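Reader: Could you walk me through how to read this one? I would like the general idea for each feature, and then the case at hand.

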Amino acid sequence: MSGSSVLKRIDWLSIFFYALLVAIGWLNIYSTTFSETNPSIFNFDALHGKQLFFIGTCIVAIVTILALETSFFERFSSLFYIVSMISLLGLFVFGKTIAGATSWYDLGFFNLQPSEFAKAATALALAKYLSDIQTDIKRRKDQLYAFLIILIPALLIIPQPDPGSALVFFALVFVLFREGLPLFYLLLGFLLVLVFVTTLKFGTIWVTIFVALVITLFFLLKKKSFKIPIFPLISAALITILFSLSVNFVFNNVFEQRHRDRFSLWLRLEKDPQKLEQIRKTIGYNTYQSEKAIESGGFFGKGFLEGTRTKGDFVPEQHTDYIFSSVGEEWGFLGTASVVMLFTFLLLRLVFLAERQKNAFSRMYGYGVISILLVHYFINIGMVTGILPTIGIPLPFFSYGGSGLLFFSAMLFIFLKLDSNRLREGI
Amino acid sequence: MKKFLLSSIIIIIGITFLGRLSYLQVFSSSTNQVLEDPAIKAVYDYPERGYIYDRNGKLLVANDPAYDVMVIPREVKALDTIEFCDLLGIDKEKFLKELKKARNYSPRLPSVLVPQLSKEDYAKLQEKMRHYQGFYIQKRSLRYYDTSSGANILGYISEVNERDLEQNPYYVQGELTGRTGIEKQYEDILRGRKGVQYIQKDRFNRDIGPYKNGLLDTLPEQGKEINVTLDKDLQEYGERLMSGKWGGIVAIEPATGEILSMISGPTYDPKLLVGRDRSANYSKLHYDTISKPLFDRSILAEGSPGSPFKTINALIALQEGVITPETTFTCYHGFYVGGRKRGCHCGGGNRNLHSGIYKSCNAYFAGTFRKIYDKYETTDEAMDVWEKHVKSFGLGDFLHYDLPEGKRGRIPGKEYYDKWYGDNRWSSSYIISNSIGQGEVSVTPVQLANMTAAIANRGFYYTPHILKKVEGKDITNPEFVAPKYTTIDKKYFDPVVQGMADVYKLGTARGVQIPGIEVAGKTGTVENFTKINGVRTQLTDHSVFVAFAPVDNPKIAIAVYIENGYFGSRYAGHIASLMIEKYLKGEISRKDLEKRMLEKTLESEYAKPYSGEEFKINERVW
């Protein structure tokens, strides 16, 4: 196949959104790290210079991906998965520790973070497994295997420790739902989260009252002819209450203080406003600063390179996980809203592309990519704007970091490559 | 369903984020960014406060550098405490206490450890300072007074309080502002404008360069120097004369309305409210509720004007055409009101305008006053006319001079008496005391002086004011340079002025003539009462005197109000004559009189009501 045919059939709209996000991201990295004495964008001692180099690397990787045979990715997906799992294991021996987490290989010029690689590999492997003609997602056994594919990298990453990245893998369950896993599981998961939060915020008593209320309503509104499944109903109610009780136990005995603090901050569990403010300024320091920085940007922002808090490094990690706060400060609501829209458009476009795949593997992989990007975007901006507890994962295409940018880009472009080939696959 | 699950989630998340961001950035975002931003520090450069000179260019108030020892607790390294305390001139306990206080305030920010070192201590400390890390010396500017007079008019400066900060966004915590007197009135002129430099900070509070390259920075604007209308020598002389006496003296230049001196007794040295002992001294002055040194009697003490007010009634009667200078009234060593006799000291007999004034005959002015009221059909009508005339002399309301304090005094109108007696249930007899300046009228010394200036000018006055020049340029405020006319025609002043001139030659103030200067004046002896344990008790009369000189070309108009000084001529008259001589001639020819006035005090008189014993009033001591 010739290179030009790929360029004709590739989805340029997605590439346009992608390129915009990368460019805006780089501008903000530049703003957070530039110095007045050496404002050159090619200053490779500065982080923005390095990021520029990573962007160059990405372009090489993208060209390579587009030039490869389409079937290459499906064929070697198991291999990628195995290699990435081994590289995760290898961290326990050869890993480099940065900021308390052993998540990197030191390659001299650049630190490689294999968990980023594992995201793409797992998405590929899951798609490969599910698209196998012999796999039926309705079967318990196949469901279990699919879960295992997701679970293994997560379990390897948790002890680094990097619970945030581990969490990302669970986003891949969206692929399973798309492929026929009963939505009941999703509902169940949602209910569990609801009970968890309600218990922390209001206590088991209210959960019990709520459950009783639901059962009563059920009895009142049922049709005469309907036979009540008494046993499942009662056991569901009991399980809910037991789970609620266990939440308290886990929260108080299994969680560490810092986790408890994050939740008490997020759910405003501390009633004393002075103590809450104290927690906001100590444990919630990052979120507090980033909220304040975003707030201070106002509607129009302070202007490029004019963000005083950005310049003063008030928001920790502002070039990586908290990069969005600098968008908020310097570009204001216009900037933040634009970035949110860009992500929304890109993700919706990718859903559209995934849905039009005739090849099951391509579709499933597409869903994997969307799920991973979505969960990063959701958790990151949710954290930076203070509506979610602190979970440290980067904003795709935006945050500083070579591994992240490289594998997010690779992941995306593998899908775009698959998409460009969809008509042939169909034949 | 399955196909739309993810899309729905993406859209819901997008909407949630937009909602959150608009909440943060559109609805919560505040406007005053620069000052609230922890990443920007404003560093101020304070200009020197303007000097204050008197009308002749003599220095009154300047600045004195002062040195505060500052500490940044976090940067303090181990040190030889004993040696350091020795240098600072404080003991170790105090040092440790202050250090702890500073640390409690903030470990990162500077606090004052020892305020206002003397120049000598500073010199000693300066070269050794670098041995003590975390400490440094900050220069401040304090007010320096080149006089011990005029404390209340000059006013003082002090640190801004919460209210100042709310009212005027110019100030930030710790800055100084004029609190009273001229310092307050002309704060904006004297203060200048501080320069500001915005510094970009990082989260460790370190400077990392100018904010926006100094685009918003400003240079300090120097405070302007001013000349006030006071005559330093006259002011100081008046305060010496006032020593041991309570009351007020106000002298005005009739041709301009410039206040030549404004003396309140008792007073205090303005230097007391500067420096390390400031607050202790202030408390002492503030809690002296008997003699009230912080209460500026020259502009705040309201009292009956007494006989000087007769001149106004005479002018009104002439203007209304109810008397001529030749009209006579018979004095029976007093006069009758509603069957009751009211006394008079003039000696009795027929009085016309001339002798009525110089002898201060009560009967003459009671008769004159009645004639004003008899002219009109109703008392209300007459009252309105009388009130209008009196108020045209600047009485009964704020004069609107340029000092931040003042009192209205009181010129009662018909509403006042309607409230008191009931509508139409009073007549001129009820208010006859106003004819001789007792009754319900009350004035402040500055109003009395201004009234005298209006008589001296034969019919107009300039609003009294204290500011003469700013940076050497005369003021142009129309409020102060345009004359205000009374309702009395010029021609009616001459007979009254003639009477006032003869107060010295023939009348109640014969004893206080000034050789070579023709003075017109009027004595006043004001009955007054206080309450002792709830019992209304009469005290020794207030001694009041108003005068202007020279009669034909008045250079000075003066009002002297000495509390419990007895006869008008006794204290007030003498003091007024000395002040006039001092101002017009520069020195005093009557040394004996001067000596007596400087030495005599009324302390024993002021102690009487507080003695708890019976006491006599109006004693003839000399």
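Author: Helices (H or I, at least four residues) and strands (E, at least two) are themselves DSSP runs, numbered from the N terminus. This is a predicted model, in which local features need pLDDT of at least 70, side-chain atom pairs count only at pLDDT 80 or more, and totals for chains, interfaces and linings use all residues. Residues are numbered from 1 along each chain as its sequence is written, while chains are lettered from A and ligands numbered from 1 in the order in which they are written.

Reader: How many bridges join β21(B) to strand β22 of chain B?

Author: Strands of a sheet pair through backbone hydrogen bonds, either parallel or antiparallel. Here β21(B) and β22 (residues 535-549) of chain B run antiparallel and are joined by 12 bridges. To find your place, take B:Thr530, whose bridge partner in β22(B) is B:Thr537.

Reader: Which strand order does the open sheet have?

Author: Its five strands follow the order β12-β11-β23-β22-β21 in chain B, with antiparallel pairing. β12 (258-265) and β21 (520-532) of chain B each have a single partner strand, so they stand at the edges with one side lacking a neighbour in the sheet. From one strand to the next, the twist averages 10°; axes are lines fitted to C-alpha atoms, for helices over the stretch in contact, and angles run from 0 to 180 degrees between N-to-C directions.

Reader: Which helix lies across β11 and β12 of chain B?

Author: That is α10 (residues 232-241) of chain B, running at about 25° to β12(B) and lying across β11 (247-253) as well as β12. Elsewhere in chain B, β1 (residues 40-45) and β8 (residues 195-201) pair in the antiparallel sense over six bridges. B:Val43 has B:Gln197 as its bridge partner in β8(B).

Reader: Which residues have the most contacts inside the largest nonpolar core?

Author: In soluble globular proteins, nonpolar side chains tend to be buried together. A residue is buried if 20 or more other C-beta atoms lie within 10 Å of its own, exposed if 12 or fewer, and partly exposed in between, with C-beta atoms placed from the backbone. A nonpolar core is a set of buried Ala, Val, Leu, Ile, Met, Phe, Trp, Tyr and Cys residues joined through C-beta atoms within 7 Å. The largest has 117 residues, and B:Ala251, B:Ile558 and B:Ile575 have the most contacts inside it. Leaving aside residues up to four places away in sequence, B:Ala251 touches B:Leu234, B:Leu260 and B:Tyr583, among others; two residues are in contact if their C-beta atoms, placed from the backbone, lie within 7 Å.

Reader: How many residues does the contact take from chain A and from chain B?

Author: It takes 34 residues from chain A and 31 residues from chain B. On the side of chain A that touches chain B, α16(A) gives the most, with 11 residues.

Reader: What ipTM and pTM does the predictor give the complex?

Author: The ipTM is 0.91 and the pTM is 0.68. Where pLDDT is low, the predicted coordinates should not be read in detail. pLDDT is the predictor's confidence in each residue, from 0 to 100. Chain B averages 89, and 98% of its residues score at least 70.

Conventions:
Two strands pair if DSSP finds at least two bridges between them.
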